[in-house]
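Thanks for coming, everyone. Please have the sequence and the structure open, and follow along as I talk.

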Amino acid sequence: MHEVLSKAKKTAVTPKNVLTVEGLKAYYINEHFGVRREVRAVDDISLTVQRNEVYGIAGESSSGKSSLIKTLAGAIRPPMRVVDGSVKFDFGGQSIDVYGAPEQLKPARWRHLSYIMQGSMNVLNPVRRVKHSFHDFAYRHMGLSGAAFWSKVRQHLERLGLDPDVLEAFPHQLSGGMRQRITIALATVCEPEFIIADEPTTALDVLVQQDVLGLIKDVQARMQASIIFVTHDMSVHAAITDRLAIMYAGRLAEEGATQALFDNPQHPYTAHLIGSLPRIGDVRVRKSLPGKPPALSDPPSGCRFHPRCPLAIERCSREVPLMQPSATGGRVACFRAGEVVAA
Amino acid sequence: MTDLLRLDHVTKLFPVGGFFSRRSMKAVDDVNFALSADKPEIFAIVGESGSGKSTLAKMMLGNEVPSSGQLSFDGTDVAAIRGRAAREAFMAKVQPVFQNPFEAFNPLTKLDEYLFATAHRFLGASNRGAREAAADAALQRVGLSLSEVRGRYSHELSGGQLQRIAVARALIPNPKLIVADEPVSMVDASLRMSIVNLFRELRDELKVSIIYITHDLATAYYISDRVIIMQKGKVIESGDARTVLEHPTQPYSIALKGAVLPPDPAAASAIIRQRQVVAG
């Protein structure tokens with residue numbers, strides 16, 4: 001192993017940062033008959049999310065993005081383990097070290113930290129009315145008595161443009177878009193400071209997607225909440241995120257302001273992701289990358305993107321590029337950063 | 001007969017509701033179009049979920065029978081095909097590619113078995129050598145080779161590779177038409193364009209016509225020659241893909257195009273802000 005393990009850059013915890021992640025490493029560790037196998041799903045990731053910011057994480061399947069957000073939410077189970085690094089939340093003075101003092105996280109869940117998940121049917125109990133889901137998720141976190149709680153919930157639904165009567169409906173009576181709107185209402189009813197949104201619009205139709213994204217942005221702006229928004233769809237990132245991180249094979253490839261990243265991608269992988277998007281009115285032939293995303297159980301040496309990279313040099317297969325400040329004000333992990341021409 | 005595929009007033013009804021409140025729902029409502037046998041093309045069917053596009057695909061594959069109207073392939077009514085030989089002859093000419101390659105292939109079956117079985121069934125390749133030759137030739141067409149696929153299971157390959165194998169399998173019987181239902185929606189972003197570009201190569205080099213069913217207007221614009229836009233079972237707009245998608249005329253098509261998020265942060269965030277104004 002010639003891998004040079006990168007040193008996490010220490011970022012000072014300023015009150016502006018709601019989430020500070022430093023040098024986070026979370027591996028799936030399996031031991032069978034004395035043979036230890038590691039899958040480095042989250043490999044040395046440092047990032048910060050500020051108040052009132054939508055932070056996007058883009059990556060393909062098996063890029064480790066789901067493992068990353070599970071780790072951030074403190075929702076990992078064996079065989080996955082945090083090997084190194086820290087995840088710290090700061091909810092208006094109340095700071096929580098997810099892996100230093102995990103008992104602090106439990107009371108903060110849903111009150112301060114909530115989730116919008118992809119499959120709304122996995123969130124809403126299919127055999128009970130929607131109101132029971134609200135009761136199950138939010139009642140004990142709100143600290144309100146029965147009547148006050150329900151009037152708060154109805155008020156919240158109205159503000160989101162939903163008819164409060166949906167509380168009496170069963171999930172199967174509602175359309176997919178309506179169910180996803182309800183999961184958004186459910187995740188925001190406690191007005192949390194931090195929301196993790198995992199592919200919330202992937203299963204939706206174009207028109208509904210536009211509406212649901214608008215709703216998320218709307219709620220976020222009103223509550224001044226921070227959102228980590230995970231999706232593989234770069235167009236959705238373009239629409240909703242303020243800053244964007246590109247993940248490849250368990251590591252961050254690039255991070256920066258969304259507009260700068262789209263205008264001037266520094267990493268060849270980012271350039272490809274953006275350049276290969278078809279758009280109406282443009283008939284140029286889009287190229288695809290050779291090869292396939294690497295398996296996390298057996299990643300390539302050096303820069304994990306080098307076998308597919310059009311700009312790869314000999315050094316890329318030996319050394320791991322560290323995240324460094326990029327020319328456009330973000331961070332990038334590439335030896336040839338800046339030489340990228342947008343496709 | 002110069003029409004490869006011809007749909008005349010094709011309608012499909014599905015019964016909905018319970019035993020005492022039986023109604024029928026028009027999943028596909030009076031659809032007409034024809035694909036020429038002389039000029040291979042990529043024909044896109046665009047619509048949201050519930051627009052009837054997948055039901056239309058099932059009828060083209062002969063898995064569903066139209067409730068009224070006629071769907072004919074190479075001059076024969078697909079619904080009237082009887083007998084195993086005629087059915088297999090039809091299946092050899094019309095091949096499907098499905099949405100989710102991880103579901104299309106049984107995880108416990110080796111992938112090469114699918115290719116060999118298809119070669120055996122449709123080409124009559126009775127010995128191992130002939131089957132392997134047919135499988136390898138098809139895999140070469142999609143940029144793979146038999147040595148990469150032999151003995152592999154579906155979990156060992158990426159979605160993009162599996163979808164290529166699905167296309168290779170569809171190519172073995174030398175089909176005239178491939179019906180691809182959302183073939184790239186489950187494929188990773190960096191591999192998606194390779195599948196889309198592959199369809200274009202098949203059209204140009206193998207002269208295969210492709211029915212490309214999708215909800216994604218941008219890829220439909222990128223590869224297709226003609227397009228129909230469906231809403232609630234009806235074709236609401238049709239014609240040359242570039243013309244229709246650049247200048248849609250129907251309110252629904254305009255709304256659909258307006259909701260497509262462009263890969264440009266300023267323009268895309270303006271689109272979702274529009275919705276907020278409407279709702280507010």
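Start with R131(B), which sits in helix α5 of chain B, residues 128-141. Keep in mind that this is a predicted model. Does R131(B) count as buried or exposed? R131(B) is buried, and it has no salt bridge. Which side chain of opposite charge is nearest to R131(B)? That is E113(B), 6.6 Å away.

What does the side chain of R131(B) reach instead? It reaches the backbone oxygen of A125(B), at 3.0 Å. Now look at the surroundings. Leaving aside neighbours within four places in sequence, R131(B) is in contact with F116(B), A119(B), H120(B), A125(B) and S126(B).

Which strands pair with β7(B)? One is β6(B), residues 94-97, in the parallel sense over 4 bridges. Here P96(B) has V179(B) as its bridge partner. Another is β8(B), residues 209-214, also parallel, over 5 bridges. There V179(B) stands opposite I211(B). How does the chain get from β7(B) to β8(B)? It crosses through helix α8 of chain B, residues 189-206, and this β-α-β crossover is right-handed.

Now salt bridges. Side chains of opposite charge can pair when their charged atoms come close. How many salt bridges are found over all chains? The search finds 37. Let me show you a few, from chain A.

Take R251(A) and D43(A). Their side chains meet in a salt bridge, 3.5 Å from N to O. R251(A) lies in strand β10(A), residues 251-257, and D43(A) lies in strand β2(A), residues 35-50, so the pair ties together parts that are 208 residues apart in sequence. R251(A) is buried, at 13% relative accessible area. D43(A) is buried too, at 1%.

Next pair: D282(A) and R284(A). Their closest N and O atoms are 2.9 Å apart. Which end is buried, and which is exposed? D282(A) is buried at 16%, whereas R284(A) is exposed at 52%.

Then R318(A) and E319(A). Their side chains meet at 4.0 Å, N to O. R318(A) is partly exposed, at 40%. E319(A) is partly exposed as well, at 27%.

Salt bridges can also link up into a network here. Which residues are in it? They are E53(A), R243(A), E255(A) and R331(A).

Last stop: helix α1 of chain A, residues 65-72. How many of its 8 residues are buried? The count is 6, so the helix is largely enclosed by the rest of the structure. Find them on your screen: K65(A), S67(A), L68(A), I69(A), T71(A) and L72(A). Just after the helix comes G74(A), with a positive phi of about 65°.

Compare the two on your screens. Thank you.

Definitions and conventions. Residues are numbered from 1 along each chain as its sequence is written. Chains are lettered from A and ligands numbered from 1 in the order in which they are written. This is a predicted model: local features need pLDDT of at least 70, side-chain atom pairs count only at pLDDT 80 or more; totals for chains, interfaces and linings use all residues. Side-chain values use heavy atoms; hydrogens and water are left out. Helices (H or I, at least four residues) and strands (E, at least two) are DSSP runs, numbered from the N terminus. Buried means under 20% relative accessible area, exposed over 50%, partly exposed in between (1.4 Å probe, protein chains only). Lys and Arg count as positive and Asp and Glu as negative; His and the chain ends are not counted. A polar contact is a pair of N or O atoms within 3.5 Å; within protein, one must be able to donate a hydrogen and the other to accept it, and residues adjacent in sequence count only if both atoms are side-chain atoms. Contact means heavy atoms within 4.5 Å. Two strands pair if DSSP finds at least two bridges between them. A crossover is right-handed if, with the strands pointing away from the viewer, the path from the first strand over the helix to the second runs clockwise.
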